[in-house]
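Try each task before you read its solution.

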Amino acid sequence: MSLLVGGAGLAGLGYFIKRQMDAMDTTGKLADRLGTTTEMLTGLQHAAGIAGISNEQLATSIQFMNKTLGNALAGGKEQQRVLASIGVTAAEVAGMDTGEAFVKIADGIGKLSSRQEQAYATATLFGRGAAGMLNVIGS
């Protein structure tokens, strides 16, 4: 009987380890796709989770931010204006790790004086569906 229980325990442990390894692989691939490190992405996912934002919403917002920064570098006036309002230039964050750029932009948005300005900057830089990102920025 104890052999059966021990075998079931080992099988359960093996399944748990496989799931963890799969999750780490998925996170690593997503981090590569977004242009950041696994460690940075894991930290952002943790902050997003506390704020009630799913990993998918976070990834979508980061992808939108990357596109927005590209638009600003290409001369997009509105993106440049919003970045300037938070004390950031597209050229300044262009060479940064995406996660570091996210943190720098989030810090800038957090320093805006009103929630309305923060909401507009968040929508412009992270996408219209990113209203929940204000909770991440505040954490």
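**Exercise 1. Find the residue that caps the N-terminal end of α6.**

Solution. Asp97 does the capping: one of its side-chain oxygens is 2.8 Å from the backbone nitrogen of Gly99. Helices here are DSSP runs of H or I with at least four residues, numbered from the N terminus. Before going on, note that this is a predicted model, where local features need pLDDT of at least 70, side-chain atom pairs count only at pLDDT 80 or more, and totals for chains, interfaces and linings use all residues. Residues are numbered from 1 along each chain as its sequence is written, and side-chain values use heavy atoms, with hydrogens and water left out.

**Exercise 2. List the buried residues of α6.**

Solution. Start with the cut-offs: buried means under 20% relative accessible area, exposed over 50%, and partly exposed in between (1.4 Å probe, protein chains only). In α6, the buried residues are Thr98, Gly99, Ala101, Phe102, Ile105, Ala106, Gly108 and Ile109.

**Exercise 3. Which residues touch the most other members of the largest nonpolar core?**

Solution. A nonpolar core is a set of buried Ala, Val, Leu, Ile, Met, Phe, Trp, Tyr and Cys residues joined through side-chain atoms within 4.5 Å. Among the 33 residues of the largest one, the answer is Leu58, Leu83, Phe102, Ile105 and Phe126. Next, look at the sources: α3 gives the largest share of this core, six residues.

**Exercise 4. Is Ala131 buried or exposed?**

Solution. First locate Ala131 in the loop between α7 and α8. Its relative accessible area is 57%, so Ala131 is exposed.

Note on methods. Helix = DSSP H or I, 4+ residues; strand = E, 2+ residues; numbered from the N terminus. Polar contact = N/O pair within 3.5 Å; in protein donor to acceptor, adjacent residues only side chain to side chain.
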